[in-house]
Amino acid sequence: MDEITMDIDVEYTAKLARLELTEQERTTFQAQLDGIVKYVQKISEVDVSDVPPMMHGREIVNRFREDVVRPSLDVQTALSNAPKRVGDEFLLPKIVEGAES
Amino acid sequence: MELYKLGIKAAREGLEKGDFTSAEIVESLYKRYNEVNPEIGAYLYFDIDHALELAKASPKAVPIAIKDLINVKGQPCTCASKILKGYLSPYDATVISNLKKNSFIPCGRVNMDEFAMGSSTENSALGVTRNPYDLTRVPGGSSGGSAAAVGGDMCIAALGSDTGGSIRQPASFCNCVGIKPSYGRVSRYGVTAFASSLDQVGPMTKSVEDAAVLLGALAGCDQMDGTTPEVPVPDYAKLLERASMKGVKIGVAKEYFDVTGLDPEVKRITDEALKKCEEAGAELVEVSLPHTEYAMAVYYIIAPAEASANLARFDGVRYGHRSSEAVDVYSLYTKSRAEGFGPEVKRRIIIGTFVLSSGYQDAYYTQALKVRTLIKRDFDEAFKKCDCLLTPCAPTPAFKFKELQDPLTMYLNDLFTIPSSLAGVCASAVPAGFTNNTKLPVGVQFICPGYEEGRLLSISKAFEDIC
């Protein structure tokens with residue numbers, strides 16, 4: 001593995017994660033995460049040829065159930081924690097360019 | 001005797017005999033809360049009216065303190081984060097319904113590291129929790145509020161959650177019994193997700209018997225959580241009646257003892273624990289788990305990866321904090337999340353996003369999943385030679401506030417609890433003694449194969465009896 005390309009770019013990754021960082025956070029996190037990423041790179045020394053990935057906490061298969069309607073939260077309850085709402089809908093900033101919000 | 005001092009067993013006996021009612025226990029706990037919570041800070045929230053209402057509806061129910069990431073209908077569920085300020089749970093988690101079906105009621109919500117990310121409860125955005133054994137020290141974490149409430153006699157018992165050691169390490173720091181059930185043993189429905197392939201809810205109690213009763217109430221198959229299998233739940237409390245160390249094969253793994261950073265007092269207490277078990281008739285067997293040294297690295301790839309996906313749901317749209325600065329969808333996400341999450345949560349989201357991002361996924365995430373298989377195989381091999389493992393629970397006793405400033409140093413606290421979490425097996429923390437000079441509690445960890453909670457509890461009880 002090429003050591004240089006294995007490094008973390010905090011500013012870029014935070015954008016992918018939809019997380020705005022202050023200048024201070026960017027600097028601090030870059031230093032801290034460089035250390036953590038360097039630490040976790042030690043797994044690259046393990047020979048894993050022919051080892052399957054462990055995808056979950058135990059071996060499980062899909063469990064199916066009948067597709068029937070069951071009682072669920074009513075609209076008012078489901079909306080009760082909305083930061084902003086209009087009637088029975090969530091209110092959001094304008095999403096589509098040029099549309100009226 | 002003050003009712004708040006009781007454990008589950010004694011409380012149930014008194015309730016059965018009619019010595020007192022559930023409401024009287026709640027009143028006693030509330031009095032205790034008012035007296036000591038300003039200092040210890042175990043609770044974030046204690047709604048006396050709601051607790052009394054539940055207690056009056058079930059006069060023989062035992063109140064249980066709930067970690068602040070488990071939904072209880074009508075109550076806040078903040079995960080100790082600013083992003084969930086003002087949130088009220090619209091439904092009960094399955095573990096809460098299960099408690100109610102088994103003569104328990106939720107009573108108060110206890111502090112934690114924000115979204116269960118941390119080992120000292122210092123990452124809570126909502127308050128400080130102090131160790132009841134030494135107020136200058138942390139209670140451990142992430143279930144630090146649960147541990148401080150149990151260790152400080154501020155509850156009868158508590159629910160915690162464990163992803164990489166969040167029940168066991170604080171239990172060790174605060175002199176409690178804690179059980180990390182096997183993956184899938186307890187439903188996660190209604191429990192705020194941190195790392196979905198690792199998270200488990202479990203009991204934190206004043207005795208092993210109490211842990212057995214409480215786990216029995218929590219465990220079982222749930223249609224709302226597809227990872228809970230239809231494996232019957234034995235009567236754990238009944239199994240304890242025959243608890244004995246005689247003939248128990250205890251695995252001793254050098255990977256858990258030859259470790260830099262293992263505090264000499266923790267080592268002494270763990271060595272003495274092994275000796276006591278041997279004197280009581282157990283056989284010590286040398287075992288090896290050769291991939292242990294990679295467990296920390298594997299965990300700090302897999303857990304943040306899963307967390308970054310789980311925490312994507314905090315987008316300021318349906319619930320949780322929304323930034324007032326948001327002008328479009330992009331800034332709605334980035335600003336709401338920036339304002340709502342604390343530094344440790346941000347760090348983990350960034351690491352998780354990084355190890356899953358294009359170009360890095362194979363080298364980090366997929367490689368980690370493969371090494372996780374090897375870690376699991378280590379346990380499978382070890383359990384061919386022994387009934388359980390006995391290890392230190394945490395490398396040190398409770399440390400002081402702000403003592404561990406560097407995130408990576410803090411992560412190393414979970415050195416001994418992470419491998420069993422990755423393997424999906426069950427483990428306990430059981431009080432084993434106190435350090436000589438500082439008089440701080442230290443627990444040891446027992447680890448058993450998956451779905452062998454009955455064996456785990458029996459061995460833990462036998463140890464408690466000789467300790």
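1. In this predicted model, Y43(B) stands opposite V110(B) in β3(B). The two strands concerned are β1(B) and strand β3 (residues 104-110) of chain B, which run antiparallel and are joined by 2 bridges. Strands of a sheet pair through backbone hydrogen bonds, either parallel or antiparallel.

2. That pair belongs to an open sheet of chain B, built from 11 strands in the order β1-β3-β2-β4-β6-β5-β10-β11-β9-β7-β8, with mixed pairing. Its edge strands are β1 (43-45) and β8 of chain B, each of which pairs on one side only. On average, neighbouring strands of this sheet are turned by 35 degrees against each other, direction ignored.

3. What kind of unit do β7(B), helix α9 (residues 264-279) of chain B and β8(B) make? They make a β-α-β unit, and it is right-handed.

4. Next, the helices of chain B. Helix α10 (residues 295-310) of chain B packs against helix α13 (residues 362-382) of chain B at an angle of about 125 degrees, and their axes are 9 Å apart. α10(B) and α13(B) are therefore oblique to each other. Their crossing is left-handed. On the α10(B) side the contact is made by A295(B), V298(B), I301(B), I302(B) and A305(B); on the α13(B) side it is made by Y364(B), Y365(B), A368(B), V371(B), R372(B) and I375(B). By class, these residues of α10(B) and α13(B) divide into 10 nonpolar, no polar and 1 charged.

5. α10(B) also packs against helix α12 (residues 343-356) of chain B, at an angle of about 100 degrees and with the axes 7 Å apart. That angle makes α10(B) roughly perpendicular to α12(B). From α10(B), the residues I301(B), P304(B), A305(B), A307(B) and S308(B) take part. They meet R348(B), I349(B), I351(B), G352(B), T353(B), V355(B) and L356(B) in α12(B). The residues of this contact of α10(B) with α12(B) divide into 8 nonpolar, 3 polar and 1 charged. I301(B) and A305(B) are named in the contact with α13(B) and again in the contact with α12(B).

6. How many residues of chain A are in contact with chain B? There are 47, and they are in contact with 56 residues of chain B. On the side of chain A that touches chain B, the helices α1 (10-16), α2 (23-40) and α3 (75-78) each supply at least two residues. The largest share of that side, 7 residues, comes from α2(A). The residues of the side of chain A that touches chain B divide into 30 nonpolar, 9 polar and 8 charged.

7. One place to look between the chains is the pair α2(A) and α12(B), whose axes come within 11 Å and cross at roughly 55 degrees. α2(A) and α12(B) are therefore oblique to each other. α2(A) passes α12(B) in a right-handed crossing. In α2(A), F29(A), Q32(A), L33(A) and I36(A) meet R347(B), I350(B) and I351(B) in α12(B). This contact of α2(A) with α12(B) has 5 nonpolar, 1 polar and 1 charged residues. I351(B) of α12(B) is named here and also in the contact with α10(B).

Note on methods: Residues are numbered from 1 along each chain as its sequence is written. Chains are lettered from A and ligands numbered from 1 in the order in which they are written. This is a predicted model: local features need pLDDT of at least 70, side-chain atom pairs count only at pLDDT 80 or more; totals for chains, interfaces and linings use all residues. Axes are lines fitted to C-alpha atoms, for helices over the stretch in contact, and angles run from 0 to 180 degrees between N-to-C directions. Helices (H or I, at least four residues) and strands (E, at least two) are DSSP runs, numbered from the N terminus. Angles under 35 degrees count as roughly parallel, over 145 as roughly antiparallel, 65 to 115 as roughly perpendicular and the rest as oblique. A crossing is left-handed if the near helix is turned anticlockwise from the far one by less than a right angle, and right-handed if clockwise. Two residues are in contact if their C-beta atoms, placed from the backbone, lie within 7 Å. Ala, Val, Leu, Ile, Met, Phe, Trp, Tyr, Cys and Pro count as nonpolar, Asp, Glu, Lys and Arg as charged, and the others, Gly among them, as polar. A crossover is right-handed if, with the strands pointing away from the viewer, the path from the first strand over the helix to the second runs clockwise. Two strands pair if DSSP finds at least two bridges between them.
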